[in-house]
Amino acid sequence: MNNTMKAVVLEKPTKGSEVKLSDIPIPKVKPGWVLVKIRAFGMNHSEAILREFEIESDYIQKPVIPGIECVGEIADPSDSGWKKGQKAAALMGGMGRSFNGSYAEYALLPVHHVFPVESSLSWEKMAAVPETYFTAWGSLFQSLRLTCDDVLLVRGATCALGYVAIQLAKTSGCRVVGTSHRESKLKLLEAAGCDECILDEGSLQGKVSGLTKALELIGIKTLKDTMMCVEEGAIVCNTGVLGKVYEWDHFDPIKDIPNGVFLTGFYSNYPDENTMRDIFRFLDEHELSPLVGKVYDFKNITEACEALDEGKVKGKIVVRI
Ligand SMILES: NC(=O)c1ccc[n+]([C@@H]2O[C@H](COP(=O)([O-])OP(=O)(O)OC[C@H]3O[C@@H](n4cnc5c(N)ncnc54)[C@H](OP(=O)(O)O)[C@@H]3O)[C@@H](O)[C@H]2O)c1
């Protein structure tokens with residue numbers, strides 16, 4: 001094995017157009033960590049946030065290889081009990097933030113955030129799954145307790161997570177209402193399976209009724225309005241921050257949460273093996289193809305990062321190594 005690998009290494013706020021590949025040593029294994037040969041990785045809005053400003057926070061290792069998820073094969077199992085060559089998916093737990101992540105040919109990852117994958121999907125399709133499907137799955141089935149009788153609002157649905165939430169919710173048999181802040185994108189939501197598509201001009205009050213569950217992907221910017229739109233007894237899950245408001249100043253739960261409405265959230269930092277297995281099994285059983293917006297080769301990582309920053313791709317960006 002060659003001793004060096006290609007990777008994206010960041011030290012400071014970096015625009016997509018400034019991202020480049022460097023040659024650095026392949027990391028050496030240590031107890032409790034496994035070396036993964038990365039075959040493909042999905043890109044996420046949070047990586048654009050990392051490059052934009054989060055990298056200046058104390059909890060970000062610097063320099064850092066970004067990337068919160070990947071799929072690949074075990075190159076060195078260390079003391080884990082994994083077999084060399086086994087297929088795996090990894091995500092979160094500090095990946096690409098407090099330790100080096102997936103924008104690289106190899107990643108040294110803590111064994112408790114690496115999960116076995118038994119799947120015949122291509123690497124590109126498999127790479128679309130870990131973070132986006134885990135977050136959609138957890139938001140819908142753990143936090144929102146979604147059932148087939150629900151009417152679900154996906155607010156800010158034209159992101160990778162939104163399209164996947166629509167796919168999972170429709171497969172589960174419920175009615176789905178999707179919103180976009182762009183009229184031109186409503187037809188994409190219809191094509192994705194939404195029963196009703198609404199232009200979001202800041203307030204949805206009076207535009208929608210009968211909602212029993214709501215997945216808020218714009219975040220705090222529209223959360224209060226979402227809570228005002230749902231039925232009594234409904235659950236609202238705040239998962240996204242597309243609206244770029246990250247903290248809720250002067251939040252007063254007594255006045256801000258309507259009586260009889262339940263507010264929850266979902267944080268994808270704690271994936272587990274059973275859930276990951278359930279997700280791949282669900283995709284297989286329902287013959288669902290993981291949703292991929294566009295695949296880039298690793299050598300074109302600059303273009304992929306620019307596309308992420310500019311919201312150019314409809315859905316999940318996957319990078320193939
Ligand atoms: N809680 C968690 O643990 C967790 C986990 C994963 C993701 N997330 C969050 O979930 C959201 C979606 O993530 P993702 O990776 O799927 O995103 P993404 O695919 O990178 O989404 C970006 C797209 O969102 C669209 N968008 C829709 N409404 C928007 C608005 N009001 N403002 C700006 N953009 C808007 C933009 O397209 P148009 O403007 O053209 O519609 C843009 O192309 C993000 O906020 C992310 O941070 C949270």
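**Exercise 1. Overall build**

How many helices and strands make up the secondary structure of the chain?

Solution. The model is a predicted one. Its secondary structure consists of nine helices and 15 strands. Next, take the overall dimensions: the radius of gyration is 20 Å, close to the 20 Å that the globule rule gives for 321 residues, so the chain is as compact as a globular protein of that length. Along the principal axes, the C-alpha atoms fill a box of roughly 60 × 40 × 35 Å. Of the 321 residues, 45% count as buried. Finally, consider contacts between residues at least 6 apart in sequence: 68% of them join residues at least 24 apart.

**Exercise 2. Domains**

State which domains are assigned to the chain, and describe how they touch.

Solution. The assignment gives domain 1 (4–128 + 292–320) and domain 2 (131–265). Their C-alpha centres are 28 Å apart. At the contact, 12 residues of domain 1 meet eight residues of domain 2. The domain 1 side of this contact divides into four nonpolar, five polar and three charged residues.

**Exercise 3. The ligand shell**

Describe the residues around the ligand and say where in the chain they come from.

Solution. Start with the count: 27 residues surround the ligand, and the closest are His45, Cys159, Ala160, Gly240 and Gly311. By class, the shell has 10 nonpolar, 14 polar and three charged residues. Then assign elements. Helix H1 (45–52), helix H3 (130–143) and helix H4 (160–171) each supply at least two shell residues. The largest share, three residues, comes from H3. At the level of domains, domain 1 and domain 2 each give at least three residues to the shell.

**Exercise 4. The nonpolar core**

Identify the residues of the largest nonpolar core that touch the most other members, and follow one of them to its contacts.

Solution. The core has 96 residues, and Val36, Ala89, Ala165 and Leu215 touch the most other members. H4 gives the most to this core, with eight residues. Domain 1 and domain 2 each contribute at least three residues to the core. Now take Ala89. Leaving aside neighbours within four places in sequence, Ala89 is in contact with Val71, Phe115, Val117, Met126, Val129, Pro130 and Met276.

**Exercise 5. Placing Gln86**

Is Gln86 buried, partly exposed or exposed?

Solution. Count first: Gln86 has 17 C-beta neighbours inside 10 Å. A buried residue needs 20 or more and an exposed one has 12 or fewer, so Gln86 counts as partly exposed. Gln86 lies in the loop between strand S4 (69–76) and strand S5 (87–91). Beyond four places in sequence, the contacts of Gln86 are Glu73, Ile74 and Pro116. Asn300 is 214 residues from Gln86 along the chain, and their C-alpha atoms are separated by 27 Å.

**Exercise 6. Backbone exceptions**

Solution. Pro63 belongs to the loop between H1 and S4. His250 sits in the loop between strand S12 (235–238) and helix H7 (253–256), whereas Glu287 is in the loop between helix H8 (273–285) and strand S14 (294–297). To classify exposure, count C-beta atoms within 10 Å: His250 has 5 others and is exposed. Glu287, with 7 others, is exposed.

Notes: Residues numbered from 1 in each chain as written. Predicted model: local features only at pLDDT ≥ 70, side-chain atom pairs only at ≥ 80, totals over all residues. Helix = DSSP H or I, 4+ residues; strand = E, 2+ residues; numbered from the N terminus. Rg over C-alpha atoms; globule rule 2.2 N^0.38 Å. Contact = placed C-beta atoms within 7 Å. Near = placed C-beta within 6 Å. Nonpolar A, V, L, I, M, F, W, Y, C, P; charged D, E, K, R; others polar. Domains from an automatic or database assignment. Core = buried A, V, L, I, M, F, W, Y, C linked by C-beta atoms within 7 Å.
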